[in-house]
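Colleague: I have the structure open and a few things to ask. Can we start with a side chain and work outwards?

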Amino acid sequence: MNGGTPAGLRPPRNQADPRAVAWWTVQGLILLVPVAAAAVAAYWILTSRPVWLGACVALFAAGCVALAVVGPRATYRVERWEVTDQAVYTRKGWLTHTWRVAPMSRIQRVDTARGPVQRLFGLADVTVTTASSAGAIKIEALDHELAAELAERLTALTQATPGDAT
């Protein structure tokens, strides 16, 4: 190990598009605000409203909203990706950093995806499917034009790279 990274492996250079923070925040709010609201409603409707339980529910609801707001900023700071002529590299994770490397010779398929909320922010994801049992590598929240260019580049690189992708 050298500076917390595997020997010879430097952190990938690229981050998600800065608009990703807003997109991830909206996603988090869409998921967590109803959960927080359900907890508050259950407390209000189904209990005799003991103060201690109200405090717990309020902390839970505040935690949901805080997670939806702070989580995306933390994610943006730690997630990285890079594509070289030899491989696709990603690093993800807040507490545990997960490094993924997919050699060009192992890439079987390259996909782009844009969900409805992503389209509002002009973002897209690129998924690189390999012969690995660990599953596909996903590069999230790129500018949609960059994602299309990256998919095109990866397709060209994999076609030009000898190997059987198995």
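Colleague: Is Asp 125 buried or exposed?

Modeller: This is a predicted model, so everything here is computed from it. Asp 125 counts as buried, with a relative accessibility of 5%.

Colleague: Which residue does Asp 125 form a salt bridge with?

Modeller: Lys 138, with the closest N and O atoms 3.7 Å apart. Asp 125 is in strand 5 and Lys 138 in strand 6, and the pair links parts of the chain 13 residues apart. Lys 138 is partly exposed, at a relative accessible area of 37%.

Colleague: How many salt bridges does a search of the whole structure find?

Modeller: Seven. One of them pairs Arg 19 with Asp 143, where the closest N and O atoms are 2.5 Å apart. That pair links distant parts of the chain, since Arg 19 is in helix 1 (residues 19–46) and Asp 143 in strand 6, 124 residues apart. Arg 19 is partly exposed, with a relative accessible area of 31%.

Colleague: Which residues do salt bridges with shared partners join into one network?

Modeller: Asp 17, Arg 19 and Asp 143.

Colleague: And Glu 140, what does its side chain meet in a salt bridge?

Modeller: The side chain of Lys 92, at 3.2 Å from N to O.

Colleague: How many residues does helix 4 have, and how far does it reach?

Modeller: It has 17 residues, 144–160, and reaches 24 Å from its first C-alpha to its last. That is close to the 24 Å expected at 1.5 Å a residue.

Colleague: Which of the residues in helix 4 are buried?

Modeller: Ala 147, Leu 150, Ala 151, Leu 154, Leu 157 and Thr 158. Seen down the axis of helix 4, the buried residues fall within an arc of 135°, so they line one face of the helix.

Colleague: Why would a spacing of three or four places do that?

Modeller: An α-helix has 3.6 residues a turn, so residues three or four places apart point the same way.

Colleague: What is exposed on the other side of helix 4?

Modeller: Glu 145, Glu 149, Glu 152, Gln 159 and Ala 160.

Colleague: And what covers the buried residues of helix 4?

Modeller: The cover includes strand 1 (80–83), strand 2 (87–92), strand 4 (107–113), strand 5 (123–130) and strand 6 (137–143).

Colleague: Where is Thr 130 found?

Modeller: In strand 5. Thr 130 counts as buried at 9% relative accessibility. A polar atom of the Thr 130 side chain lies 3.1 Å from the backbone nitrogen of Ser 132. Leaving aside residues up to four places away in sequence, Thr 130 touches Ala 102, Arg 106, Ile 107, Gln 108 and Gly 135.

Colleague: Change of topic. Which residues does the UniProt annotation "transmembrane region" cover?

Modeller: Residues 21–45 and 51–70, according to an unreviewed UniProt entry. In the model, residues 21–45 are 100% helix, with end C-alpha atoms 35 Å apart. Residues 51–70 are 100% helix as well, and their end C-alpha atoms are 28 Å apart.

How values were computed:
Residues are numbered from 1 along each chain as its sequence is written. This is a predicted model: local features need pLDDT of at least 70, side-chain atom pairs count only at pLDDT 80 or more; totals for chains, interfaces and linings use all residues. Side-chain values use heavy atoms; hydrogens and water are left out. Helices (H or I, at least four residues) and strands (E, at least two) are DSSP runs, numbered from the N terminus. The expected span of a helix is 1.5 Å times one less than its number of residues. Buried means under 20% relative accessible area, exposed over 50%, partly exposed in between (1.4 Å probe, protein chains only). The arc is that of the directions from the helix axis to the C-beta atoms. Contact means heavy atoms within 4.5 Å. A polar contact is a pair of N or O atoms within 3.5 Å; within protein, one must be able to donate a hydrogen and the other to accept it, and residues adjacent in sequence count only if both atoms are side-chain atoms. UniProt positions are given in the numbering used here, feature names are shortened, and annotations may be inferred rather than shown by experiment. A salt bridge is a side-chain nitrogen of Lys or Arg within 4 Å of a carboxyl oxygen of Asp or Glu.
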